[in-house]
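Please walk through this protein with its sequence and its 3D structure side by side. The paragraphs below begin with a charged pair and go on to strands, a sheet and a metal site.

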Amino acid sequence: MKKLLFITVLLIGPFALSQKNYWQQHVDYKMVIDVDVEKHTYIGTQRLVFTNNSPDKLDRVFYHLYFNAFKPGTDLEQNSRYSTDDSRTMSNKILMLDEKDWGDVQIKSLKQDGVNVKFKVEETILEVELDKPLGSGASTVLEMEFFVQTPAMIRRSGKNSEDNVAFSMSQWYPKLCQYDDEGWHANPYIGREFYGIWGDFDVTINIDKNYTVAGSGYLQNPELVGHGYAPLKKGVKHGDKISWRFIAPNVHDFSWAADPNFTHDYIDIDGGPRMHFFYKADSKYVNLWKEFQPNSAEFLKFFSNTIGKYPYKQYSVIMAGDGGMEYAMCTFIDGVGHPTMRSLYSVTSHEIAHTWFQFLMATNESKHSWMDEGFTSYIDDVALNVVLKEGKSLPNAKAYSDYFRWVATGLEEPMTTHADRFKYNTGYGMSAYDKGSIFLSQLQYVIGKDNFDKTLKKYFDDWAFKHPKPNDFIRSAENVSGLELDWYLLDWAQSTMTIDYSVNSLYGVDNKTKVVLKRIGQMGMPIDLRVELISGEILDFNIPMTKMRGHKPTEKSTLLRSWSWAKPYYELWIDVDSKNISKIIIDPKNEMADINRDNNHLVL
Ligand SMILES: [Zn+2]
């Protein structure tokens, strides 16, 4: 059924050339778990239908067992312990734990199409030797029984968060590793990014009757559950436990949280979705969590309108986890880390924006963390600016200053670095969040605002529910703008080249003025140039870069001949007496990440 649907979409969709040979794997999970709320453990069964849409025959498969990371001596703990900068927190926390607070995932049995198969566990990765190799286009059923001990809250998930939420359950189940055109992505977990396979999830959680469960997926039995989802059906009496059944269609992950003290509100957005809010009734931030709800709905509406319509019927903001983290149809946000309304808005805007970057446009966030964190940071800053009416001319200006500071240390690593492999924690943050955010605002400078707005929508149309790569995004931008943009992706994302242009000199000759600009940095860019006259008049010019083979729309500025990146100098003549000029400025809106802005202007 799923596969047929997929083929139909491929046949009718208007796709970019890069999608011609595109394929992606498919998984359907059915899981039932039985939770012991005293011990924070559960036993579970998982029935996974895996469809191999790749052209390759697979003789083994891999799963992530994320919770196994949370004990002494693991990759996660050691990587944190011996980190080059100040990020030893995870190791310190793990080393303090009692054994009952470690994470533990044990595979009790594993069958392929009813036959027991050989498997081995290496910390966070389970390797399975298939009984029968899985051919291209074939499906197989993998069934397992497992036991899990929920770790203390070390990173993102676990028991008894700082807000005292009993269960913050992300990456809580054996999760099939991604296999794409680059092969398997069986990366050991060191506490950073994820990459999953699209499919349907059917999850039943049997848990103490006093607990409210929130999470991905639509609750299938609200009238049997009650707990604010629906009035309890007449005559239903709960035993010690309630079975909560959720179905999440077309997602690549499933998360849930549970607590005996969750309070539950919702808002219906016109045209959908219903937004749910779950938070601790006894939290000291309960008022903030009430007040922030209407603007949270505005953030979601903004992203829906700006990028592409939110495709599910519900979205839940859940007080759980640590910091903020995005999941399928929901987010976990902690209360204690966001004690002010502004900080709560900021994290909510960010996490909801992640529904688009990386949930719907499901990039490999480990490899391309900037398309995930960077794109999200950019659009969440824009949403904050619009929804909270902040009136900033460059909403992500802080990303620029952070980037400039890091470049000055000389420690920058390229954005292509795998998220797990950055030498410095700050380097990862700067690259993924700041430089990734600038990638978009600066692209807007290169191709113009209208083209940029259309690019976001085109990217959504081309790549929602798939796994785009950096080149796919740039192809969407090229298709919309008609410009060549490969150089932008190469120089900005795959190198540590920097941008630095200067107004080099100015000569008055007769009634005219000759201006010489200089490229000092290695990376070439098109130039917006502004000439301010003493009279107050403003003259705007645009100098495309030759390699773009075109220019952005230039309604209000004068288009000049292009400038090739290879030539360090560029001369232009202005029909104005130099005596009448007060100032010449490169990039007057500061959209270009020019590392030395002092030489961008000449004041006369
Ligand atoms: Zn993020």
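The side chains of Lys159 and Asp101 meet in a salt bridge, with 2.8 Å from N to O; the term stands for a side-chain nitrogen of Lys or Arg within 4 Å of a carboxyl oxygen of Asp or Glu. Lys159 belongs to strand S9 (residues 158-159) and Asp101 to the loop between helix H3 (89-95) and strand S4 (104-112), so the pair ties together parts that are 58 residues apart in sequence. Helices (H or I, at least four residues) and strands (E, at least two) are DSSP runs, numbered from the N terminus. Lys159 is buried at a relative accessible area of 10%, and Asp101 is buried at 14%. Here buried means under 20% relative accessible area, exposed means over 50%, and partly exposed is in between, with a 1.4 Å probe and protein chains only.

The model is a predicted one, in which local features need pLDDT of at least 70 and side-chain atom pairs count only at pLDDT 80 or more, while totals for chains, interfaces and linings use all residues. Residues are numbered from 1 along each chain as its sequence is written, and side-chain values use heavy atoms, with hydrogens and water left out.

The structure holds 34 salt bridges. One of them joins the side chains of Arg405 and Asp402 at 2.5 Å, N to O. Both residues lie in helix H10 (residues 397-409), 3 residues apart, about one turn of the helix. Arg405 is exposed, with a relative accessible area of 55%, whereas Asp402 counts as buried at 16%. Another salt bridge links Asp453 with Lys449, where the closest N and O atoms are 2.8 Å apart. These two sit in helix H12 (residues 449-463), 4 residues apart, again about one turn of the helix. Asp453 is partly exposed, at 28% relative accessible area. Returning to the opening pair, salt bridges that share partners join Asp98, Lys100, Asp101 and Lys159 into one network.

On the scale of the chain, the protein is divided into domain 1 (24-260), domain 2 (385-493) and domain 3 (501-603), with bounds that come from an automatic or database domain assignment. The centres of domain 1 and domain 3, taken over C-alpha atoms, are separated by 55 Å.

Strand S1 (residues 26-36) pairs with strand S2 (residues 41-51) in the antiparallel sense over 11 bridges; two strands pair if DSSP finds at least two bridges between them. Across this pairing, Asp34 stands opposite Ile43 in S2. The hairpin of S1 and S2 has 4 residues between the strands, and His40 there takes a positive phi near 55°. S1 also runs parallel to strand S14 (residues 199-208), joined to it by 8 bridges, and Lys30 stands opposite Asp202 in S14.

Further along, 5 strands form an open sheet in the order S19-S20-S21-S23-S22, with mixed pairing. Strand S19 (262-268) and strand S22 (324-327) stand at the edges with a single partner strand each, so one side of each is left without a neighbour in the sheet. Neighbouring strands of this sheet are turned by 15° against each other on average, direction ignored. Strand S20 (residues 274-280) and S21 run parallel and are joined by 5 bridges; the bridge partner of Phe278 in S21 is Ile318. Helix H6 (residues 293-306) packs on the sheet, touching S19, S20 and S21, and its direction makes about 135° with that of S20. Helix H7 (residues 341-353) also packs on the sheet, touching S20, S21, S22 and strand S23 (330-333), and its direction makes about 145° with that of S23. Axes are lines fitted to C-alpha atoms, for helices over the stretch in contact, and angles run from 0 to 180 degrees between N-to-C directions.

Ser316 lies in strand S21 (residues 314-319) and counts as buried at 1% relative accessibility. Leaving aside neighbours within four places in sequence, Ser316 is in contact with Gly215, His276, Phe278, Met329, Cys330 and Thr331, contact meaning heavy atoms within 4.5 Å.

Which residues hold the zinc ion as its protein donors? They are His350 (NE2), His354 (NE2) and Glu373 (OE), lying 1.9 to 2.0 Å from the ion. Donors are N, O and S atoms within 2.8 Å of the metal (3.2 Å for Na, K and Ca); water is not among the atoms, so sites may look incomplete. Along the chain the donors follow the spacing H-x3-H-x18-E. His354 in the loop between H7 and helix H8 (355-360) and Glu373 in helix H9 (residues 369-387) link distant parts of the chain, 19 residues apart. Both His354 and Glu373 are buried.
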